[in-house]
Amino acid sequence: MKNGNARKGENPFDMPGKEMGWCPGCGNYRLLDALKAALAELGIDRRNLVIVSGIGQGAKTPQYVNAHMFNGLHGRALPAALGVKLSNRNLVVIAESGDGCMYGEGGNHFLHAIRRNYDVTVIVHDNMVYGLTKGQASPTSRKGMKTPVQVNGVMLEPFNPLAVSLALDAPFIARASAGDGEETKEIIKQAIAFPGLAVVDVFQPCVVFNKLNTYQWFKENTYYLPDDYDPSDRQRAFAKALETEKLPLGVLYRREGRKVYEDLLGIGDTPAYEHKVDEDAFQRMLDGYR
Ligand SMILES: Cc1ncc(C[n+]2csc(CCOP(=O)(O)OP(=O)(O)O)c2C)c(N)n1
Ligand code: SF4
C-alpha cells in the first residue's frame, strides 16, 4: 500500500522525504494537499498547530503534516483535541479521521463535541468504507453496497453527518469533495478560521476497497450549493442535508455567536503550562485527603 515518498517541499507544512502509507490514487493525497494549502494561505504558524487523529487511513494524515500531532485510539480524536484546546486555547487544533473513526467508534464523542462547541475543526475523510481494515462497511456506506463482510449488501441507511450536526446545532457545517482540490481548500480555510466547532465532511475516494463510490461517482452524485445560498438559514440547511438524489457540497450552515466551551468554562488565554501553582493551597488540598 505504499506510494513512495512525499514530494514537494514548497509549503511550510510539507514533509519532503517522508514515506507515505497510502495507495496510489487514494483521495487522501488530495485532501492532504488541500489541507496544507489552506494552512499556508491562512498564514498559520506551524508551531501553533496541533493535528489530532484516531486510527485509520485518514487518521494517518497528521503524520504527513509538518506540525505538532497526536495520534490516539480509534474513535478518540475529539477528546484528545479537547484536552489540547483546554490546555492552551491559543493553539489551532484540527481533529481529523475517517468516517468510521469519527461517526462509528467515535460517534459518542462526535455528538458531545458538538454539544460542547469547543473551537476545533473536525475534518472527516468520508470514503464510505473502513479502509485500513480492508473494506468492511462503515456508518456512511451506501445501502446495498457489497463488501467482504456485508456479502449480500449493506442493510442499513447511511448515517447523515450533516443532519446530525445540524440537529445538535453545530455552528459551522460543510461538505467537500477531495477530488475538487481548490474548492476543498477554500472550505477548509473557512472552517479553520471559524471560531467554534466546525464540521467538514470530505468525500474521499478509497480506490482499493470502495469500487462503488469512485471519483466519477462523487462527480455524478454531488453538486455545489449556488452562490446565492444563505448558510444562516437552519431550516433550509436541514432540507439540503436531507437531499439524497444528489448530495450538496459547500458550506451548508454557519452561524456566528454561539458561545464556545472554553468561554463557558472561563478558560483564560494563559496556557496551562504557564499557570503558577499555589504551593500552600496545593499542600492544603493534599492534607485534606490524609
Ligand atoms: C476500538 C477499535 N475497534 C476497531 C479497531 C480496528 N480498526 C482499526 S482502523 C478501523 C477502520 C478505519 O476506518 P475509517 O475510520 O473509516 O478510516 P479509513 O481507514 O477508511 O480512513 C478499524 C475497524 C480498532 N483499532 N479499535
Ligand atoms: S483509503 Fe483506500 S485507497 Fe486510500 S490508502 Fe486506504 S485502502 Fe488505499
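Guide: A word on terms comes before the details: a residue is called buried when its relative accessible area is under 20%, exposed when that area is over 50%, and partly exposed in between. Please also keep in mind that this is a predicted model.

Visitor: Is Cys-26 buried or exposed?
Guide: The relative accessibility of Cys-26 is 8%, and the limit for a buried residue is under 20%. Because 8% falls within that limit, Cys-26 counts as buried.

Visitor: How many disulfides does a search of the whole structure find?
Guide: A pair of cysteine sulfur atoms has to lie within 2.5 Å to be counted as a disulfide. For the whole structure, the number of disulfides found by the search is 0.

Visitor: Which cysteine sulfur is nearest to that of Cys-101, and how far away is it?
Guide: Cys-101 takes part in no disulfide, and with a relative accessible area of 4% this residue is buried. The nearest cysteine sulfur belongs to Cys-206, at a distance of 15 Å.

Visitor: Which residues lie around ligand 2?
Guide: The space that ligand 2 takes up is the largest cavity, and the shell around the ligand divides by class into 7 nonpolar, 3 polar and no charged residues. The residues of this shell are Trp-22, Cys-23, Cys-26, Gln-57, Asn-127, Gln-204, Cys-206, Val-207, Val-208 and Phe-209.

Visitor: Which residues lie nearest the centre of the largest pocket?
Guide: The largest pocket has a volume of about 300 Å³, and its lining comprises 9 nonpolar, 4 polar and 7 charged residues. Of the 20 residues that line the largest pocket, those nearest its centre are Arg-142, Pro-158, Glu-243, Thr-244 and Leu-247.

Visitor: Which elements each supply at least two residues of the lining of the second largest pocket?
Guide: The second largest pocket, with a volume of about 250 Å³, is lined by 14 residues, and Gln-190, Leu-225, Pro-226, Gly-250 and Val-251 lie nearest its centre. By class, this lining has 8 nonpolar, 2 polar and 4 charged residues. The elements that each supply at least two of the lining residues are α6 (181–193) and β8 (247–254).

Visitor: What separates the C-alpha atoms of Tyr-103 and Lys-36?
Guide: Tyr-103 belongs to helix α3 (residues 99–105) and, at 5% relative accessibility, counts as buried. Lys-36 and Tyr-103 are 67 residues apart along the chain, and the separation of their C-alpha atoms is 24 Å.

Technical notes
Residues are numbered from 1 along each chain as its sequence is written. Chains are lettered from A and ligands numbered from 1 in the order in which they are written. This is a predicted model: local features need pLDDT of at least 70, side-chain atom pairs count only at pLDDT 80 or more; totals for chains, interfaces and linings use all residues. Side-chain values use heavy atoms; hydrogens and water are left out. A residue is near a molecule or strand if one of its heavy atoms lies within 4 Å of it. On a 1 Å grid over the protein atoms alone, a cavity is a set of points where a 1.4 Å probe fits but cannot get out, and a pocket is an open set with protein on both sides within 12 Å along at least five of seven lines; lining residues have an atom within 4 Å of a point. A molecule sits in a cavity or pocket if more than half of its atoms lie within 2 Å of its grid points. Ala, Val, Leu, Ile, Met, Phe, Trp, Tyr, Cys and Pro count as nonpolar, Asp, Glu, Lys and Arg as charged, and the others, Gly among them, as polar. Grid points are joined across faces, edges and corners, and a volume is the space filled by probe spheres set on the points. Helices (H or I, at least four residues) and strands (E, at least two) are DSSP runs, numbered from the N terminus. Buried means under 20% relative accessible area, exposed over 50%, partly exposed in between (1.4 Å probe, protein chains only).
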